[in-house]
Amino acid sequence: MTTTSREYWNEQLETLPWTEVERWQAERIAPAIAKIRARSAMYQEMFADVPGEVKVLRFADLAGLPFTMKDHIRAAQDAATDERPLGDNQAAPLKSIVQALSSSGTTGKPLYYGLTARDCEVFSDAIANTWFTAGVRADDVVAHLVGLPMVAGGLPYADGFRRLGATLAWLGGFPTDRILREMRRLRCTALLATTSFGLYLSEQWDTVGQETGIPSRLGKVLCGGEPGLNQRDIRDRITGGLNVSHLREVMGLGDVISGMWAECERHEGMHFNAQKYVAIELIDPDSGDVQPWREGGTGEIVYTTFDREATPMVRYRSRDHALVVGIGCSCGRTSPRIRCIGRTDDMLIYKGMNVFPAALRDLISSKFAGQVQPMLRVWKETKDQVRFDDPISVDVEAVDNLSGDSAETLRREIEAEVRSQLQIRIRVMVLEPKSIPKSVYKTSLVAVRNG
Ligand SMILES: [Zn+2]
């Protein structure tokens, strides 16, 4: 167990009791809502349906406002004009918007968000806070391994590292061999990558890196952007392959702020680090009712930006489902600690049973660790398929080359395990080692057969 460092980026807000943080936020939410209503055509229309006046006096009053869904954002985007390329939710004039950001576009057309100079400040401060909680410090040389500047994990992450004072080494986008070599030559002490890319790097870290003759100085690894770090096996592979003990999960949302959650030294769930700019609620995804932040609670995270000029979000449904791991922490931070357990977008229905592909992966890769690789692939027939009446096809990748008989035994064991644990039927295909491609940005757990 590491000793508690008791160092914070924003000590006052990070250590204030959470109810007081919400009170502090409520004072800022009320004027923010008035501004958003005046400037965003999308919210003008949405709030027109709210009976009476839109008033947020206490934090709990937020629940009286309607949710913003991804479809609202899509429709607002489609209303783009020459003056308002960001559409109906563009709440600042074009001349004050300094940057457009893109969602990753893994589900449908990419969506765009804008940042004013003030928004850039807000982003970099919140993201720096997130990196600080994840243990990055000013004397770190950080290999930033997301290669696309325009996505939320691109330039905003880079700005967060610079704001923190760390040395940014933006190696993302170069071929893997070059990344591995240059990380040694630049004496990188930290890296940030998607979980699947972190895993991919860890497989070849030493073979390529050692050719430089320079010993690795890597000590801190930040991964996220997709589920995976909930699993012991994936964590062990990354820390083992990269030879580090400091591995922290980080998470954000491009539509809100791309880096908001990070694990502290306790490694038990991610703290929220954007409380200075963003309010969070936990809701029951079916009823929409607000749930209390309590240990063991689950729900969908809803975000409200109360310090965002260009493209604000009020009660934005993230579709991220979280498990609250704990409230309060030995590190002194008061924000809830969560694990992301899946996304509504990914949810599949097998004969009326809901199943997250991530849950399939968590079960299979922990139960069959050492036999199959932790990254697997779930097949849909078409892009829009959600319901399955036949067993769901799942490819797993064997760790070693298996004989036909052993592969057949493994296949049957996995199918039986999933049936008994999750009450759903899957059809497993055991593939040879290294047959599932691992992408540099995000590896999709779900593949489409006729896409
Ligand atoms: Zn903590």
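The radius of gyration is taken over C-alpha atoms, and the globule rule is 2.2 Å times the number of residues to the power 0.38. With 451 residues, a compact globule would have a radius of gyration near 22 Å, and the protein chain agrees, at 22 Å. This is a predicted model: local features need pLDDT of at least 70, side-chain atom pairs count only at pLDDT 80 or more, and totals for chains, interfaces and linings use all residues. Residues are numbered from 1 along each chain as its sequence is written.

**Overall architecture**

- The protein chain holds eleven helices and 21 strands; these are DSSP runs numbered from the N terminus (helices H or I, at least four residues; strands E, at least two).
- Along the principal axes, the C-alpha atoms of the protein chain fill a box of roughly 70 × 55 × 45 Å.
- Of the 451 residues, 46% are buried, that is, have 20 or more other C-beta atoms, placed from the backbone, within 10 Å of their own.

- An open sheet of mixed pairing has the strand order 20-19-17-21, where pairing requires at least two DSSP bridges between two strands.
- Strand 20 (426-431) and strand 21 (446-448) are at the edges with a single partner strand each, so one side of each lacks a neighbour in the sheet.
- From one strand to the next, the twist averages 30°.
- Six bridges join strand 19 (residues 392-397) to strand 20 in the parallel sense, and Ile 392 stands opposite Ile 426 in strand 20.

**The covering helix**

- Helix 11 (residues 404-422) lies across strand 19 and strand 20, and runs at about 145° to strand 20.
- Axes are lines fitted to C-alpha atoms, for helices over the stretch in contact (C-beta atoms, placed from the backbone, within 7 Å), and angles run from 0 to 180 degrees between N-to-C directions.

Note on methods: Contact = placed C-beta atoms within 7 Å. Buried ≥ 20, exposed ≤ 12 C-beta atoms within 10 Å, placed from the backbone.
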